[in-house]
Every structure is written in C-alpha cells, then in structure tokens.
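Hi,

Here is the structure I promised to pass on. Have a look at it first, and then read on for my notes.

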Amino acid sequence: MSDVIAALVHASEKAAKIARACRLEESLFGLLIEEKKEGEKNKKFVTDFKTLADVLVQEVIKHDVGKQFPGIENNIFGEESNEFMNGLGEKIHVKVCETEQETAKLLSKVLDGNMEAAEVLARSAHQNIVIPDLDTGRIDIPQDRLGVWVDPIDSTFQYIKGISDSKPNNNIYSHGLQCVTILIGVYDLHSGTPIMGVLNQPFAVQDPETQRWSGQYYWGISYGTTKVCSLRPHSKNGDVSSESNSVPAPHHLKKGSAADLEEERFSAVLSTGETVCVKTLLKGACGGNIHYASGAGYKSLCVVLGFVDVYVFSEDTTFKWDCCSPHAILKSLGGGMADLKECLRRRQDGNLEDCSELVYNAPVQDAKGADRWANKGGLVAYRSHKHLDAVLNLLSGISV
C-alpha cells in the first residue's frame with residue numbers, strides 16, 4: 001500500500017496547480033466563488049465560501065485516487081459538496097469527465113459560458129504530474145480498511161483574499177496565501193486512527209521577478225511500528241529538513257544554564273478566535289513565543305515543521321478533514337493530535353497517563369450538517385508528549 005501515499009502526493013500536486021491556476025486571473029476568479037448553504041458552512045463565520053477550485057480539487061483527488069485504486073473512491077470524504085450554481089441559477093454537479101474536452105464543457109456551464117477559463121481548469125485537472133520516488137519502503141495495509149478525508153483548500157477565506165505580501169514572524173505567517181493548504185488524510189475505517197497524511201502548501205514561495213508561486217508538500221505514514229516521513233529526523237544541532245528542500249530550524253527549549261521556568265516554556269500557535277482565558281494562560285507560559293495564524297491546516301503545519309511546539313484550539317469549529325492529514329504526519333514524527341477536553345476530563349478523574357487522540361470514523365451524535373464531523377472537544381497538536389503534558393497541566397484548572 002506504499003503506492004497509496006504516492007498517489008495522494010500526486011493528487012495533491014495536481015490540486016495545488018489547480019489552486020494556483022484559479023488565482024492567476026483575477027478577472028475570472030470572481031466567477032468561481034459561491035457562498036455555502038446552511039448545513040455546509042462553518043458556524044464560526046457569518047458567511048462561509050467555497051470556490052470552484054475547492055470543488056474541482058476534491059473531485060480530482062477522488063477521480064485520480066479511485067482510478068488507481070478502484071473502490072477506494074467510495075470511502076473518500078470531503079468538506080465540499082460537488083454542487084455549484086451558475087449565474088443562471090442552474091445547479092451543476094462538478095466532476096472530472098473521461099476527457100479534457102468533456103470536463104471543459106461541464107466547467108463552462110459553471111463559469112457562465114466562459115470556455116477560456118473552463119479550458120484552463122480542465123487542462124489542470126487532466127494534466128500529467130511527475131513526482132519523485134518516495135522513500136517509503138514496503139508497507140502492507142489492506143485497502144478495504146482505508147478511509148480518506150480531504151480538505152481541498154483549507155483557509156478558503158485567505159485564498160479568496162489573495163494577499164501575497166504577508167511577512168512572517170519567526171517563520172510563521174499570520175495571514176495570506178501562505179496559510180492556504182491542501183489536506184489529504186487516510187485513516188483506518190474500523191479504529192478511526194490516522195494512517196497517512198499529505199499536506200500541500202501551494203503558495204509556499206513567490207518569485208519576486210515573475211510573481212509566480214511555487215509550492216511544497218509534506219507526507220507521513222504511521223501504521224503499527226512503521227513510521228516514515230518526508231521530514232528527516234532532527235539532527236544533533238536540532239535542524240529539520242525535508243526530502244525536497246531545507247526548512248528553518250525549529251524552536252527548542254533551552255537546556256543547561258536556563259532557569260527552571262525557562263525549561264518549562266514552550267511555543268504555541270493559536271487562532272485569533274481563541275478564548276481570552278486560554279490566550280492568557282498560554283501567553284504566560286510561552287512568554288514571547290506565542291503566535292497567531294489563519295487556517296487549521298497551516299497552524300498544524302507550523303507544528304509539523306517545528307516552528308512551534310504546539311497548536312492549541314479549545315473551540316469546536318475544526319473538523320475531521322482539517323486534522324486527519326497533519327495528525328498522521330505528526331504521528332510519524334512521534335507526536336499527535338489530542339482531544340483537548342477529553343484529555344482534561346481524564347486528568348480531572350486522576351488519569352495522568354492516558355491521552356485521548358482524535359479519531360476520524362465516528363460522527364457526532366445528534367449533530368447535523370458539517371457539525372457531524374466537528375472536533376467537539378477542541379484539540380492540541382504536538383510534536384512531543386512533553387509539550388502536550390505542559391499544555392494539559394496548564395489548562396487543567398479551567399473549563400474549556
């Protein structure tokens with residue numbers, strides 16, 4: 001089943017090209033946006049949007065992975081419905097057709113007859129992408145156990161705004177196209193445990209001369225005792241690198257001469273919508289090493305890359321499609337993604353050892369629409385169990 005991760009990386013790279021193609025022509029981009037209906041949208045936002053890029057990316061992933069592994073497409077689930085409405089009020093079900101010409105014809109209906117834009121998108125959907133061989137080794141996972149969560153474009157609001165001149169603080173972007181990610185996570189249908197993840201950042205670097213964007217992807221596998229990742233393990237000096245390029249060194253706790261208080265400090269990334277209480281407690285524990293950023297996928301990526309030690313979110317407005325992919329990658333690195341409220345509850349009951357990780361196969365009882373797949377207990381994404389313990393110890397006295 002090591003071919004599955006290669007297929008997912010391939011699909012994510014094609015998806016990234018579609019995302020970039022959709023942003024290329026500002027005059028056409030407005031045609032691609034539609035407000036989500038009740039039941040689809042995230043309750044955190046007054047209005048929540050999907051784009052044709054979201055829908056097409058999701059359908060491309062289903063089509064390409066299903067074509068290579070027949071049957072698995074029935075267990076690929078995503079944030080978006082494939083229904084889109086054009087300017088005439090016609091409901092169009094977006095899909096990838098057998099030929100590029102057929103896909104272009106279908107997309108032109110969504111784009112109010114704009115065949116030029118439809119052909120650009122169809123070409124991206126049918127293009128052949130070449131990726132380097134992935135050094136995964138042989139991994140045998142029964143295909144009938146695999147479920148897939150897809151977030152075709154995480155941080156859609158930042159994608160629509162299209163800010164390209166955002167500046168990072170300690171490698172972390174608070175907003176902008178850099179916060180946009182494509183997330184594909186594989187989980188065990190029976191246990192709900194994350195197994196594989198691909199996290200693609202389609203707008204990682206912009207060429208200052210051409211203004212063209214290039215992307216970067218990361219992947220990880222955690223199955224039984226097998227843990228493989230595109231990020232190499234930490235070297236002796238603490239640096240971390242990926243297969244395809246180096247990334248900045250992660251933040252680490254100071255050792256030796258630092259005071260005990262400094263030993264306990266850790267760094268965190270949060271949502272600006274985090275509760276005042278949690279912000280205040282974390283700010284005290286993190287000192288100056290607290291950051292705010294857009295996009296659940298991007299904040300998780302900051303942990304994956306070691307820019308921060310943890311991503312904490314106490315609210316219930318992230319979803320299975322936001323977390324499955326980075327969770328699998330973090331597991332491959334020895335970390336994870338825990339259910340914050342359940343971990344705190346267990347601690348209050350005196351269980352200091354057991355940690356409740358997020359699972360991906362069970363909907364929330366009695367919930368409707370997108371809320372069926374919400375992470376109701378919030379989350380903590382972490383690279384080290386030491387930092388998870390520090391967060392739980394810090395928040396153990398509050399009700400979140």
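Predicted model: local features only at pLDDT ≥ 70, side-chain atom pairs only at ≥ 80, totals over all residues.

The largest nonpolar core has 61 residues, and Leu56, Tyr159 and Trp219 have the most contacts inside it. By nonpolar core I mean a set of buried Ala, Val, Leu, Ile, Met, Phe, Trp, Tyr and Cys residues joined through side-chain atoms within 4.5 Å; buried is under 20% relative accessible area, exposed over 50%, and partly exposed in between, with a 1.4 Å probe and protein chains only. Helix H1 (2–24), helix H3 (52–68), helix H4 (100–110), H5, S6, strand S7 (181–188), strand S8 (194–206) and strand S9 (213–223) each give two or more residues to this core. H1 supplies the largest share, 11 residues. There is also a second, separate core of 37 residues, which includes Ala293, Val304, Tyr360 and Leu379. As a rule, nonpolar side chains in soluble globular proteins tend to be buried together.

Residues are numbered from 1 along each chain as its sequence is written, and side-chain values use heavy atoms, with hydrogens and water left out. Helices (H or I, at least four residues) and strands (E, at least two) are DSSP runs, numbered from the N terminus.

Now the sheet around Leu379. It is an open sheet of 5 strands with mixed pairing, in the order S12-S11-S13-S15-S14; two strands pair if DSSP finds at least two bridges between them. Strand S12 (290–292) and S14 are the edge strands, each pairing on one side only. S15 (residues 379–382) runs antiparallel to S13 (residues 310–313), with 4 bridges joining them, and Phe313 stands opposite Leu379. On S14 (residues 336–338), the pairing with S15 is also antiparallel, over 3 bridges: Gly336 partners Tyr382, and Ala338 partners Val380. Both faces of S15 are covered, with Leu379 and Ala381 buried on one side and Val380 and Tyr382 buried on the other.

Which residues does UniProt list for "binding site"? The unreviewed entry gives Glu79, Asp151, Ile153, Asp154 and Asp322. They are spread over 244 residues of sequence but cluster in space, with a largest C-alpha distance of 9.9 Å. Bear in mind that UniProt annotations may be inferred rather than shown by experiment; positions are in the numbering used here and feature names are shortened. Glu79 sits in the loop between strand S3 (76–78) and S4, whereas Ile153 is in strand S6 (residues 146–154). Ile153 counts as buried because its relative accessibility is 1%. Beyond residues up to four places away in sequence, Ile153 touches Ala19, Thr51, Ala53, Asp54, Tyr159, Val180 and Thr181, contact being heavy atoms within 4.5 Å.

Phe84, in strand S4 (residues 83–85), is buried too, at 1% relative accessibility. Phe84 and Thr51 are 33 residues apart in sequence and 8.8 Å apart in space, C-alpha to C-alpha.

Cheers
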